[in-house]
Amino acid sequence: MLKTIVRKELQENLYSYRFPLFALICFLLVPLGLYVNNLNYIKSVRDYNEQMRLADEAVASIKMQDVMAGKVSIKGFRPPALLSIFSQGFESALPRFYEFTPDGYMPGESSSGEASILSVQGKIDFVFLIQMVLSLVGLLFASDVIAGEKESGTLRAMLSNSLPRDTILVGKITGGYLALWFPFLIAFVLGVVLLLVRAFPLFVGDTQARVLSVFLAASLFMLIYFAIGSMISSSSSKTRTSLIVILLVWVSFQLVIPRVSDMIADIIYPIRTETQVSLEKSLLAKSVDTETSRELGRQYVLIYGNEVSSGRGDKETPEDVKWNAVKTEIESNARERKAHQIKQIDDAYGQEKRIRQNIATNLSLLSPSAAFARLLADVCGTGEIARRKYGEAVRDHARALDASLFSRAKRTVIALPGGHTSLSFSMQPIDVKALPKFTIAPASLAEAFKEDWASLLSLAFWLIAPFAAAYVRFLKYDVR
Amino acid sequence: MAKQVSMLKADDLSKRYEDGVLALDHLNLGVRPGEVYCLLGANGAGKTTTINLFLNFIPPTTGTCYIKGIDVTKDPLEAKKYVSFVSENVMLYGNFTARQNLEFFAKLGGKTNLAKEQYYQVMRRVSLQEKAFEQRVKTYSKGMRQKLGISIAIIKDAPAVLLDEPTAGLDPKAAEEFLEILGELKNEGKAILMSTHDIFRAKEIGDRVGIMKEGRLVMERTREELQYEDLVKIYIDYMKSEPLTA
């Protein structure tokens, strides 16, 4: 009986005008979207390789006097994410590189620099297509699953037979969903074949598993929206009512909840801006430097007296030995204090950002679309995990460069009580070939699923709850 | 001859809707195999409610419906194995052909694995034109749809048939053809309960005719009794009479 209803539902959809329209949208947009994003990815890889080459050349030509003068800056580039073809995520929003200097690090431009406002607002990638277009199509296909049968009177005809209502519901949802899923499956396979023709490394590493995960998540997402549509349809007696509710639900899930979540998080937990934090760190560094200079000046006077000499003799005196020991200790303490306090600021700010982000994320997970977008971005390596790992890599690289390059050139400022200042430089040997390379630790697929448990939970809820609600509603549905 | 057991039976059946309207008030009736029972009445008299109760589309407030002795409320799926239903506007899948519609509903009625020719035979029996067999139903006239509706009932081959205003809106020729088919079903031993506004056709086809008013069965006559009475006059008299008190 179930098979009969599934087959009827498939046939009915196949004969309807909306099916070829939907199939056309799928066949056009899925492969085309993947193809165009693949072209962009190839271009990004080419740019990245060229920039890396230039950056390596710049490192190889570092001069000692530039290091002494604090004029050296080193760029660390972020490689393009392969699966940004499927989900752009933060790919174009994150800086393409960070510039590391003795004073810290600064983000470079993002790759959306040249893009138009419209494409920045909603780049048409695979996720966008599923999230915006196919979700709506899924809802619209489901709008008449029950209400349409009631309106046309065929539901009475069906129920006049020895046919359990749950069989009708399951059969109709299964058949209706398959009518959506088959064109999507074909379009996806076409898209992947097109990528393979363009030498997409599908069989390298875990790419295959990730692409399969993308497909399964997209299929699940479409089923979720179909179930939501069926729930609405089984709660309405007219298709028109069902359509209005469906549009409201779609707007809420796609546009309102994800955006309002950020706004609510801003209100509940306002945080400082990057500029404020940067200014705070800069003031702290200056304050520590000033205190250090004064302390050095005080110690200098205690050791050498008030006489300031521009140069001392070649022979090292007991005062010189004492001074060097005191200076090293003061500078070392100051460096440690500065690093500790800057780390405290960074940690506090990181904590603030995390709390705000958690509030926004958890609120946005009320929408299955937000959950889907988050999960897929992480599966494709362009999501929150990638952003966090990029940030961690930048901080680690800054520390490594400081140890191997910037801290090797020391500039000592002594502020003497009389208002005089004395400046001295010292330099330790630097091996530019041994300088650390900027690398970002990749996140595994398992890590993505583990970190996105809340998204998975949200998706599971939105799959089960509408089915259960549709079931309960349909059991009591007035078929007259 | 032993008295036959009713195939369709309403036992003290009442239905009060959520808005308080008493649509059916202690209805008792039975339809035996090979009998056509016509329910006459104005709009809102309770005819369609009766059929909806037999099909378990709505639960009764009190009383019980039986199909082949099976309590419809207690075991609706079993009871519905023995009943076919034809509504006023036979609603089918417009994008399907007549044969596809017939095949789908035949399968729902438990008739699987029928050959194409068997569907055609049933459609021939109800005088549907051959060229219409593989035509999409959305191009059908109301008469053609009613014929297809009755062919769905025929193919299910259930011992009881429920018809809700099946001749409403049909032209006289189509209505006549429809009644001929009903006559055949009756001769096959089907118990037929038909709600209708059509007094003349009720008298023509009905072995028993009941008149409903405000949810009550106010009169019941057999074919023999009606030979000596004017059904039209009886009907109009009942319709004109004072409203019944609860």
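Predicted model: local features only at pLDDT ≥ 70, side-chain atom pairs only at ≥ 80, totals over all residues.
Two residues are taken to be in contact if their C-beta atoms, placed from the backbone, lie within 7 Å. By that criterion, and leaving aside its neighbours within four places in sequence, Leu376(A) is in contact with Ser87(A), Val127(A), Val214(A) and Ala217(A).

The secondary structure of chain A amounts to 16 helices and five strands. Its radius of gyration is 31 Å, whereas the globule rule gives 23 Å for 480 residues, so chain A is more spread out than a compact globule. The C-alpha trace of chain A spans about 110 × 50 × 35 Å along its principal axes, and 34% of the 480 residues of this chain count as buried. Among the contacts in chain A between residues at least 6 apart in sequence, 82% join residues that are at least 24 apart.

In soluble globular proteins, nonpolar side chains tend to be buried together. Here the largest nonpolar core has 149 residues, and those with the most contacts inside it are Phe226(A), Leu376(A), Phe54(B), Leu102(B), Leu162(B) and Ile192(B). The element that gives the most to this core is helix 9 of chain A, residues 207-233, with 14 residues. A second, separate core of 10 residues includes Val72(A), Phe100(A), Val394(A) and Leu405(A).

Where the two chains meet, 20 residues of chain A are in contact with 19 residues of chain B. On the side of chain A that touches chain B, the elements giving two or more residues are helix 1 (2-15) and helix 7 (154-159) of chain A, and helix 7 of chain A supplies the largest share, five residues.

Turning to chain B, an open sheet of four strands has the order 2-1-4-5, with antiparallel pairing. Strand 2 (22-31) and strand 5 (70-71) of chain B each have a single partner strand, so they stand at the edges and one side of each is left without a neighbour in the sheet. Strand 1 (residues 8-16) and strand 4 (residues 62-67) of chain B run antiparallel and are joined by five bridges; Lys9(B) has Tyr66(B) in strand 4 as its bridge partner. Helix 1 of chain B, residues 47-54, packs on the sheet and touches strand 1, strand 2 and strand 4 of chain B, its direction making about 115° with that of strand 1.

Strand 9 of chain B, residues 208-213, is mostly covered, with six of its six residues buried. Arg208(B), Gly210(B) and Met212(B) point one way from this strand, while Val209(B), Ile211(B) and Lys213(B) point the other way. Strand 9 of chain B runs parallel to strand 3 (residues 36-41) of chain B, to which five bridges join it, and it pairs in the antiparallel sense with strand 10 (residues 216-222) of chain B over six bridges.

Definitions and conventions: Residues numbered from 1 in each chain as written. Chains lettered and ligands numbered in written order. Rg over C-alpha atoms; globule rule 2.2 N^0.38 Å. Buried ≥ 20, exposed ≤ 12 C-beta atoms within 10 Å, placed from the backbone. Pairing = 2+ DSSP bridges. Axes fitted to C-alpha atoms, helices over the stretch in contact; angles between N-to-C directions. Core = buried A, V, L, I, M, F, W, Y, C linked by C-beta atoms within 7 Å.
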